Amino acid sequence: MKLFSGSSNPRLAEKIAEALNTKLSSIETMIFPDGERRVKLNESVVDEDTVVIQSTNTPVDQNYIELFFIIDALKRSGAKSVTAVIPYLGYQRQDHVFRDGEVVSLDVMIRFLESLKVDKIISYDLHSIKIPELFHIPVIQLSALPLFAERIKSKAFNVLVSDKPDEFFKDTILVSPDMGGLRRIEHMSQMLGDLPWIATVKDRDLQTGDISIKAFEGPLSPSDLPGKRALIVDDMISSGNTVIQSAQLLKDNGVVSCDVFATHAIFSEEAPELLQDSSIDRVYVTTTVFVPKEKRFPKLHRLSVAEPIAKELQKK
Ligand code: R5P
């Protein structure tokens, strides 16, 4: 198997290669003065099973184009198969028409990928349950929830967040920051021995995109919150508004600490500063998206997805 990395997350690609006891294959991307790109493989891939690793986060279109070019280069050069590891799949929140006249951006990207005859996609925590069904090729969806559950159960985490680590779970609850995350939070609750949960309710203005979080729903009620430690679980953090508002509402209702676990660290614009200055205590994300140095902040902790991806690639 030959592994190639795009330019969006080379660190993760290296870690995946390490976990597979191999090295990344050589590839170069040249950028012409007018901004056009050209990809060139520096190794033969004839009759090889090949893998390209590329997240399609910001700059989304550039990262997608590079991915398409690498897939095309692999196919043209005689690869037996091409698996695209796209840990974060860009445009996944635009998976249907919200308002008349809109594009379904994710569907356009899927059609590009399929027309390039990619054989399989491996991705992480897709935004909605129906996304894999939009593809006509196999999509393996991995989840960060086991990584999060492992970290939450670890003694180190319990000592970090509680002065009574042995009693940690007694006063801990899970929170979905919006109603779209109910399946996720139920699943997480099962992984943690039916840990109780509540959801905050998010309203979004479809014109402006502005959100507001002011109410709760779920098995717990606001009167259960005082004195509790909250663990918010979400699929991604972009502007940070969702988890910041959810955490503030929880703290306004008596929660004593609030940690966030989110798979994809999109971190748009001022998100790092806003998260650092918010009432959130710690932010856990995975390495599906590379977070450059200038976007890291003291409350941020990162959990690697290299091993689970490597394990998936080893399956026949
Ligand atoms: C929304 O449905 C998602 O699950 C996330 O909660 C949302 O995309 C996060 O975006 P932001 O950080 O901009 O609020």
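1. Let's start at the ligand. In this predicted model, 13 residues surround the ligand.

2. The side chain of Thr242 has an N or O atom 2.4 Å from a ligand oxygen. With Ser238 it is the backbone that takes part: one of its N or O atoms lies 2.8 Å from an oxygen atom of the ligand. Arg93 brings a polar side-chain atom to 2.9 Å from a ligand oxygen.

3. How much of the ligand does the protein bury? On its own the ligand exposes 370 Å², and 88% of that is buried by the protein.

4. Two elements give two or more residues to the shell around the ligand: strand S11 (229-237) and helix H8 (241-252). S11 gives the most, with four residues.

5. A word on the make-up of that shell. Sorted by class, the shell has six polar residues, five charged ones and two nonpolar ones.

6. Finally, a look at another residue, Arg37, which sits in strand S3 (residues 37-41). Setting aside neighbours within four places in sequence, Arg37 is in contact with Thr29, Met30, Ile31, Gln62, Glu66 and Phe69. Take Glu66 from that list: Arg37 and Glu66 are 29 residues apart in sequence, and their C-alpha atoms are 7.6 Å apart in space.

Terms used:
Residues are numbered from 1 along each chain as its sequence is written. This is a predicted model: local features need pLDDT of at least 70, side-chain atom pairs count only at pLDDT 80 or more; totals for chains, interfaces and linings use all residues. Side-chain values use heavy atoms; hydrogens and water are left out. Contact means heavy atoms within 4.5 Å. A residue is near a molecule or strand if one of its heavy atoms lies within 4 Å of it. A polar contact is a pair of N or O atoms within 3.5 Å; within protein, one must be able to donate a hydrogen and the other to accept it, and residues adjacent in sequence count only if both atoms are side-chain atoms. Accessible areas come from the Shrake-Rupley method with a 1.4 Å probe; for residues, only the protein chains shown count as cover. Ala, Val, Leu, Ile, Met, Phe, Trp, Tyr, Cys and Pro count as nonpolar, Asp, Glu, Lys and Arg as charged, and the others, Gly among them, as polar.
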